[in-house]
Amino acid sequence: MSSDSPLPMLGGLSAAEFLRDYWQQKPVLIRGAFPDFQCPLDPDELAGLACEEGVEARLVEAQGPWRVSHGPFDEQTFARLPERDWTLLVQAVDHYVPEAAELLEHFTFLPRWRLDDIMISYAPPGGSVGPHVDQYDVFLLQGLGQRRWQLGGRVPDDAPILPGIDLRILERFEVAPGDDWILEPGDMLYLPPGWAHHGVSESDDCLTLSVGFRAPSADEAIASFADFLGDKLPPSLRYADAGMAPPEDAGELDDAAVERMRRLILETLDDPARLAQWFGRVMTQPKYVDQLVPNEQPTDPAELVATLQDGEELLRSPGSRFAWRDLGNDRATLFADGDGAECALPLAQVLASDAPLDAELLEFDGAAELLAALLDAGSLTWADEFEEE
Ligand SMILES: [Mn+2]
C-alpha cells in the first residue's frame, strides 16, 4: 500500500501525513480506529497470564497510599482485591497471545524494529496508575469498557514525582483544555514521548492495549556501541601526540591535548558500517532473553530441506525480532534477536516480513544453513511443534 493512502486506523490520515504531523510530535485521538474491535483476550485470560512464571506483571493499588506489587500472582491475590481502584498490567502480551501479535501487522507504517511490545492493562472503576510521563511513543487502544484519558502537555525531564513509591507519578498534573476524553472499544489515542497523561477506568471491565515503541537513549547507545566496538579495536589505536609543542606548564591539560582525544574518540566512533551492524543487533534484541529457547541439538541443514519439501512450515518464534540491512550486490545482513548474519538480500527481506516461511525459501543460496542456524538459536520454530505446545 502506498504511504499516501488514507488508513482507517489513523482516522483517514495517510501514513505520510501521520508521520509528518503527529509521530514524536503531538497526540492524536482516533475515534473508531478499529471499528467493531474484537479484544484479543478477556480479563480472565489476562489474569491467567499474570499468574504465569516468567510473565512480567504488576498490580497497582490506589486505595490509601499507592502500592505496587510484582507478579507472578495467584488466585488469592485477585480474591483479596477491592471492587475498585486497582490496575493489573501485563507486559509483552503479543509474545504469548498470537491474536495480540496479529494486531501488530496494522502498525507496519512504522519500522518493525521500532516496536517494543503490547502491554495490556485491566482495571475496575477508578483503576489507574496515576498521572505520569513515558519516554516512548505509545498507541493506547481501548479493548473493552471505557477509560477516561486526560493529557497534561509536555513535561520536562526533571518534573517532580511522588517520592517513596515504585511508580513515577507526577506531583503536579494539570489537564490541558479540551484534552479530556472517554475512549470506547476500538478508539485509539497516540501519545509521543514526554507527554503527561492520566487514564482512569470508567467501567467494570476496562481493558486497554498499549502498543509501545523502543528508542535507545544516547546514554545506552553510546555505552553499548563502545562495548560493541571494543573488541574490534587494536590496542595500538590510542591517544598519540607525536610532534606536539613543548608544554607551557607541565601541569596543564591544554586545548591541543583535549582536541587530540576528541578526534580519537569521534573518528573511531564515526564508522557507519560498524554502526549499522551494532544498531541492527540492539534493535532486534528480544525484550525477554529467556523467552528464546535454543535447540539442544544442532539441526542438519539437509534434514531441514527435506522437512520443508515435505510441506512443513517454519514460524517466527513469538517475541522474535528481525530486521535487515542492505550490503549492496544483492547481499544483506539479517539481524535476528540481537545477532547478525550475511545472506542473500531477498532471503533477509522475506525473513524480516510476515510472509510464510516454506520450501520456496530454498531457492536462495545458503538458505538451508541460515534457517538451521535461526532454528537452533530459537528465532524460528516448526509450525507443527508450535501448535502442539
Ligand atoms: Mn503511560
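Helices here are DSSP runs of H or I with at least four residues, strands are runs of E with at least two, and both are numbered from the N terminus. By that count the protein has 11 helices and 16 strands. Keep in mind that this is a predicted model: local features need pLDDT of at least 70, side-chain atom pairs count only at pLDDT 80 or more, and totals for chains, interfaces and linings use all residues. Residue numbers start from 1 along each chain as its sequence is written.

**Overall picture**

Taken along the principal axes, the C-alpha atoms fill a box of roughly 75 × 70 × 45 Å. Of the 389 residues, 30% count as buried. Buried means 20 or more other C-beta atoms within 10 Å of the residue's own, exposed means 12 or fewer, and partly exposed is in between, with C-beta atoms placed from the backbone. As for contacts (two residues whose C-beta atoms, placed from the backbone, lie within 7 Å), 74% of those with a separation of 6 or more join residues 24 or more positions apart.

**Two helix pairs**

The table puts two packed pairs side by side. Axes are lines fitted to C-alpha atoms over the stretch in contact, and angles run from 0 to 180 degrees between N-to-C directions.

| Pair | Axis separation | Angle |
|---|---|---|
| H5 (residues 218-230) and H7 (residues 272-283) | 10 Å | about 120° |
| H8 (residues 301-309) and H10 (residues 367-377) | within 9 Å | roughly 95° |

On the angle scale, under 35 degrees is roughly parallel, over 145 roughly antiparallel, 65 to 115 roughly perpendicular, and the rest oblique. H5 and H7 are therefore oblique to each other, while H8 and H10 are roughly perpendicular.

In the H8 and H10 pair, Pro301, Leu304 and Val305 of H8 make the contact with Ala368, Glu369, Leu371, Ala372 and Leu375 of H10. Sorted by class, that contact has seven nonpolar, no polar and one charged residues. The classes are simple: Ala, Val, Leu, Ile, Met, Phe, Trp, Tyr, Cys and Pro are nonpolar, Asp, Glu, Lys and Arg are charged, and the others, Gly among them, are polar.

Ser224, Phe225, Phe228 and Leu229 in H5 meet Arg274, Leu275, Trp278 and Val282 in H7. Here the class tally is six nonpolar, one polar and one charged residues.

H5 has 13 residues and reaches 18 Å from first C-alpha to last, close to the 18 Å expected; the expected span is 1.5 Å times one less than the number of residues. The number of buried residues in H5 is zero, so H5 lies largely in the open. H6 (residues 255-269) has 15 residues and reaches 21 Å, close to its expected 21 Å. H6 is hardly covered either, with a buried count of zero.

Arginine 262 lies in H6 and is exposed, with 10 other C-beta atoms within 10 Å. Its C-alpha is separated by 39 Å from that of alanine 377, 115 residues apart along the chain.

Leucine 144, found in strand E6 (residues 138-144), is buried, with 20 other C-beta atoms within 10 Å. Leaving out residues up to four places away in sequence, leucine 144 touches Cys39, Pro185, Asp205, Cys206 and Leu207. Glutamate 184 is 40 residues from leucine 144 in sequence and 7.4 Å away in space, C-alpha to C-alpha.
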